[in-house]
Amino acid sequence: MRIDVLTLFPKMFEGPMGESIIGKARDKNLLEINISNFRDFADNKHKTVDDYPYGGGAGMLLKVQPIYDNLKAIEAKAPTVKKRVILLDPAGKKFDQSIAEEFAQEEHLVFICGHYEGYDERIRSLVTDEISLGDYVLTGGELGAMVMIDATVRLLPDVLGNETSAQTDSHSTGLLEHPQYTRPAEFAGMKVPEVLMNGNHKLIESWQLKESLRRTYLRRPDMLIKFPLTKEMEKMLAEIKQEEKK
């Protein structure tokens, strides 16, 4: 996969994009990341990338020309590759695991990180997606782009050491992940559930499913509204509701 990022603050990406899973993916040549400062593409003497909005209003808007020319330069380097161009925007569709999974299927992603008050509306005609990290406002789109890149890259084949890790993560299955434990079996009076140490894989899977349902019911009940519960899950959920009343 190739990822391009358009930003006014390229140094923000220097550390995070070379560490952990993303760094390993780059080392394995599974991922190429290019960071562009779209100020370099401004066609005016002072390299100005923003201006006052027509009709008045608070703040400054990013101009269309620098971003347009930056995108053209990216296109020229890979003209035959279909690109998903993502505008980081508080008014965009809220990012979630299903969008990360969509992005992970793409060959080339381009993230445009905004700043200042907003965008010249014509910038929106240059993109395929307008995405928001959530219902809050950040200073710029850089942190949002990093989060989306991380969530996407870890889903690429051969990036994670254990291929089932990404498939069983919270949100990937539609439920929150069940509690997990490692050694020692007891610490400061806190014990690992006996079922996890008895070697009976069928019982372990059943416990994990029930505890996944329990955690989702207690923390994110909204996720259960559209989740396709099996009869076994419905029975478990009924038990959980009774147990949590005690």
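The predicted model contains an open sheet of 5 strands in the order 2-1-6-5-8, with parallel pairing. Strands here are DSSP runs of E with at least two residues, helices are runs of H or I with at least four residues, and both are numbered from the N terminus. Two strands pair if DSSP finds at least two bridges between them. Strand 2 (32–37) and strand 8 each have a single partner strand and stand at the edges, so one side of each has no neighbour in the sheet. On average, neighbouring strands of this sheet are turned by 30 degrees against each other, direction ignored.

Residues are numbered from 1 along each chain as its sequence is written. Because the model is predicted, local features need pLDDT of at least 70 and side-chain atom pairs count only at pLDDT 80 or more, while totals for chains, interfaces and linings use all residues; side-chain values use heavy atoms, with hydrogens and water left out.

**Sheet and helix 2**

Strand 1 (residues 2–7) pairs with strand 2 in the parallel sense over 6 bridges. Val5 has Ile35 as its bridge partner in strand 2. Helix 2 (residues 64–77) packs on the sheet, where it touches strand 1, strand 2, strand 5 (84–94) and strand 6 (108–112). The direction of helix 2 makes about 160 degrees with that of strand 1; axes are lines fitted to C-alpha atoms, for helices over the stretch in contact, and angles run from 0 to 180 degrees between N-to-C directions.

Ser36 is found in strand 2. Not counting residues up to four places away in sequence, Ser36 touches Val5, Leu6, Thr7 and Asn70, contact meaning heavy atoms within 4.5 Å.

**Annotated binding site**

An unreviewed UniProt entry places the feature "binding site" at Gly114, Leu133, Gly134, Asp135, Tyr136, Val137 and Leu138. Of these residues, Gly114, Leu133, Gly134, Tyr136, Val137 and Leu138 are included in the lining of the second largest pocket. UniProt positions are in the numbering used here, feature names are shortened, and annotations may be inferred rather than shown by experiment. On a 1 Å grid over the protein atoms alone, a pocket is an open set of points with protein on both sides within 12 Å along at least five of seven lines, and lining residues have an atom within 4 Å of a point.

Leu133 is found in the loop between strand 8 (129–132) and helix 4 (142–153). Leaving aside neighbours within four places in sequence, Leu133 is in contact with Lys94, Phe95, Leu138, Gly144, Val147 and Met148. Asp135 lies in the loop between strand 8 and helix 4. The side chains of Asp135 and Lys94 are joined by a polar contact of 3.2 Å; a polar contact is a pair of N or O atoms within 3.5 Å, where within protein one must be able to donate a hydrogen and the other to accept it, and residues adjacent in sequence count only if both atoms are side-chain atoms.

**Accessibility**

Buried means under 20% relative accessible area, exposed over 50%, and partly exposed in between (1.4 Å probe, protein chains only).

| Residue | Relative accessibility | Class |
|---|---|---|
| Ser36 | 15% | buried |
| Leu133 | 22% | partly exposed |
| Lys47 | 33% | partly exposed |
| Asp135 | 69% | exposed |

**Backbone geometry**

Most residues other than glycine have a negative phi, and most peptide bonds are trans. Lys47, in the loop between strand 2 and strand 3 (50–51), has a positive phi near 55 degrees. A cis peptide bond joins Arg183 and Pro184, with omega of about 5 degrees.

Notes. 1 Å grid on protein atoms, 1.4 Å probe; cavity = no way out; pocket = protein on both sides within 12 Å on 5 of 7 lines; lining within 4 Å.
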